[in-house]
Amino acid sequence: SLINMNCTLLDTGKITIGENTLIGPDVKIYTAVHPVSAEERIYTDETGRSAIRTQTAPVVIGNHVWIGGGAIILPGVTIGDNAVVGAGSVVTKSILGNAVACGNPCVVKKILEKN
């Protein structure tokens with residue numbers, strides 16, 4: 001696998017990257033999730049200080065995947081084997097294998113023929 005320059009892997013949770021996967025420059029992979037509600041997100045800890053509640057959701061990237069530069073992969077996403085993610089895409093939902101997906105939010109544009 002190849003991870004290009006300036007990538008951010010926020011591995012608060014588990015990130016799995018398959019074999020022969022290409023990750024372009026400036027790709028961001030996030031695993032941290034915070035509650036939307038401020039009352040749930042910010043709480044007082046046992047010492048009386050404000051704290052932030054964080055959960056994690058793993059990211060799984062399959063084999064032979066190509067993720068274009070500047071893409072953002074959000075928590076809980078799985079990208080299947082042989083998939084292609086277009087540059088600058090924001091991946092909010094899992095992508096099946098052999099798919100080409102791009103955009104914001106990222107959507108499947110076509111299914112690749114298997115070799």
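**View 1. Ile-73 stands opposite Val-91 of strand β15 in this predicted model.** The strand that spans residues 72–73 is β12. Strands β12 and β15 pair in the parallel sense, and two bridges join them.

**View 2. An open sheet is built from four strands.** The strands follow the order β2-β5-β12-β15, with parallel pairing. The edges are formed by β2, residues 8–10, and by β15, residues 90–91. Each of these edge strands pairs on one side only. In general, the strands of a sheet pair through backbone hydrogen bonds, in either a parallel or an antiparallel sense.

**View 3. The largest nonpolar core comprises 19 residues.** The residues with the most contacts inside this core are Ile-29, Ile-67, Ile-73, Ile-79, Val-85 and Ile-95. Two or more residues of the core come from strand β10, residues 59–61, and likewise from strand β16, residues 99–103. Ile-73, listed here for its contacts inside the core, is also the residue that stands opposite Val-91 in β15.

**View 4. The surroundings of Ile-95 include both Ile-79 and Val-85.** When residues up to four places away in sequence are not counted, Ile-95 touches Thr-78, Ile-79, Gly-80, Ala-83, Val-85, Ala-101, Cys-106 and Val-108. Among these, Ile-79 and Val-85 are named with Ile-95 as residues with the most contacts inside the largest nonpolar core. Cys-106, another residue touched by Ile-95, is buried, because its relative accessibility is 12%.

**View 5. The cysteines form zero disulfides.** A disulfide requires two cysteine sulfur atoms within 2.5 Å. The closest cysteine sulfur to that of Cys-106 belongs to Cys-102 and lies 6.4 Å away, so the two are too far apart for a bond. For Cys-7, the closest cysteine sulfur is that of Cys-106, and the separation of 16 Å is likewise too far for a bond. Cys-7 counts as partly exposed, at 22% relative accessibility, whereas Cys-106 counts as buried at 12%.

**View 6. Ile-3 is located in strand β1, residues 2–3.** The relative accessible area of Ile-3 is 41%, and this residue is therefore classed as partly exposed. Apart from neighbours within four places in sequence, Ile-3 is in contact with Leu-9, Ile-17 and Ile-23. Between Ile-3 and Asp-81 the C-alpha to C-alpha distance is 17 Å, and the two residues are 78 residues apart in sequence.

Methods
Residues are numbered from 1 along each chain as its sequence is written. This is a predicted model: local features need pLDDT of at least 70, side-chain atom pairs count only at pLDDT 80 or more; totals for chains, interfaces and linings use all residues. Side-chain values use heavy atoms; hydrogens and water are left out. Buried means under 20% relative accessible area, exposed over 50%, partly exposed in between (1.4 Å probe, protein chains only). Two strands pair if DSSP finds at least two bridges between them. A nonpolar core is a set of buried Ala, Val, Leu, Ile, Met, Phe, Trp, Tyr and Cys residues joined through side-chain atoms within 4.5 Å. Contact means heavy atoms within 4.5 Å.
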